[in-house]
Amino acid sequence: MHEETHAVTRIGWLRAAILGANDGIVSTASLIAGVAAAGVSQSSILVTGTAGLVAGAMSMAAGEYVSVSSQGDAEKADVELEKRHLAADPEFELEELTQIYQERGLDRAMAEQVAVQLTEHNALDTHLRDELGITDAMAARPVQAAAASAASFAVGAALPLATVFVDQGTSLPWTVSAASLVFLAILGALGAKAGNAPMLRPVVRVTFWGAMAMAVTIAIGALLGTTVG
């Protein structure tokens with residue numbers, strides 16, 4: 001038998017990592033561009049960007065852990081419910097499984113045979129997979145998601161923050177925005193490659209929405225800077 005590597009097996013950490021890196025780039029770049037457009041000092045920009053990196057990474061980790069843990073709680077509740085159903089009315093559960101296989105294209109006799117054999121092998125796992133769509137590959141992993149999200153956010157945020165050391169003039173809002181669009185395009189390409197997907201659409205998607213977010217933030221920062229000045 002040949003081995004196949006499917007993207008779905010890494011969807012849990014991949015989604016969290018892409019979300020974290022994207023958020024790190026966009027939010028930090030927008031923050032830096034906004035305060036730079038308001039005319040604050042370089043030291044203030046560095047402090048603001050660093051604070052955004054740390055706070056954002058911690059927030060992403062906490063948010064991912066809480067949300068994925070909630071998913072895990074729901075999965076556990078469904079597992080317990082299915083256990084009770086199997087114990088209380090196994091004939092109904094067997095018929096339910098048979099109908100599922102009929103809907104997928106098997107005739108009645110074959111569907112019954114498959115349902116019986118899979119129930120004898122492992123009734124609970126069969127119902128979780130074929131009735132509820134719960135599999136090991138899609139199972140909730142809150143710690144893994146939190147770690148991937150926090151680490152990727154920190155890496156993503158560090159990229160636009162580094163541009164503060166490169167451009168210390170009035171052009172910083174545009175420099176950090178341009179650099180961040182490049183970073184976002186690279187992120188979109190890497191995410192597409194990791195997910196075995198075509199690259200063009202993810203690259204366009206992340207760069208477009210990143211550009212929109214930074215444009216709005218620069219406009220607000222410039223407006224507030226002019227108002228205060």
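Is R129 buried, exposed or partly exposed? I looked it up: at 36% relative accessibility, R129 counts as partly exposed (buried is under 20% relative accessible area, exposed over 50%, partly exposed in between, with a 1.4 Å probe and protein chains only).

**Ground rules.** I am working with a predicted model, where local features need pLDDT of at least 70, side-chain atom pairs count only at pLDDT 80 or more, and totals for chains, interfaces and linings use all residues. Residues are numbered from 1 along each chain as its sequence is written, and side-chain values use heavy atoms, with hydrogens and water left out.

**Salt bridges.** I searched the whole structure and found five salt bridges (a side-chain nitrogen of Lys or Arg within 4 Å of a carboxyl oxygen of Asp or Glu). R129 bridges to D130, with the closest N and O atoms 3.3 Å apart. D130 also meets R104 in a salt bridge, at 3.4 Å from N to O. D130 sits in helix α4 (residues 108–130) and R104 in the loop between α3 (90–103) and α4, so this pair ties together parts that are 26 residues apart in sequence. I noted that helices are DSSP runs (H or I, at least four residues), numbered from the N terminus. D130 is buried at 12% relative accessibility, while R104 is exposed at 54%.

Next I checked E112 and R108, whose closest N and O atoms are 2.7 Å apart in their salt bridge. They are four residues apart in α4, about one helical turn. E112 is partly exposed at 34%, and R108 is partly exposed at 33%. Shared partners join E95, R108 and E112 into one salt-bridge network.

**Helix α5.** Still, I found a kink of about 25 degrees at L159, shortly before P160.

I counted one aromatic pair (ring centres within 6.5 Å; planes under 30 degrees apart are stacked, over 60 edge-to-face, the rest tilted). The rings of F208 and W209 have centres 5.0 Å apart and planes at 80 degrees, so they are edge-to-face. F208 belongs to helix α7 (residues 200–228) and is partly exposed at 43%, whereas W209 is exposed at 55%.

Definitions and conventions:
Helices (H or I, at least four residues) and strands (E, at least two) are DSSP runs, numbered from the N terminus. The bend at a residue is the angle between axes fitted to the seven residues ending there and the seven starting there. Rings of Phe, Tyr and Trp (its six-membered ring) pair if their centres lie within 6.5 Å; planes under 30 degrees apart count as stacked, over 60 as edge-to-face and the rest as tilted.
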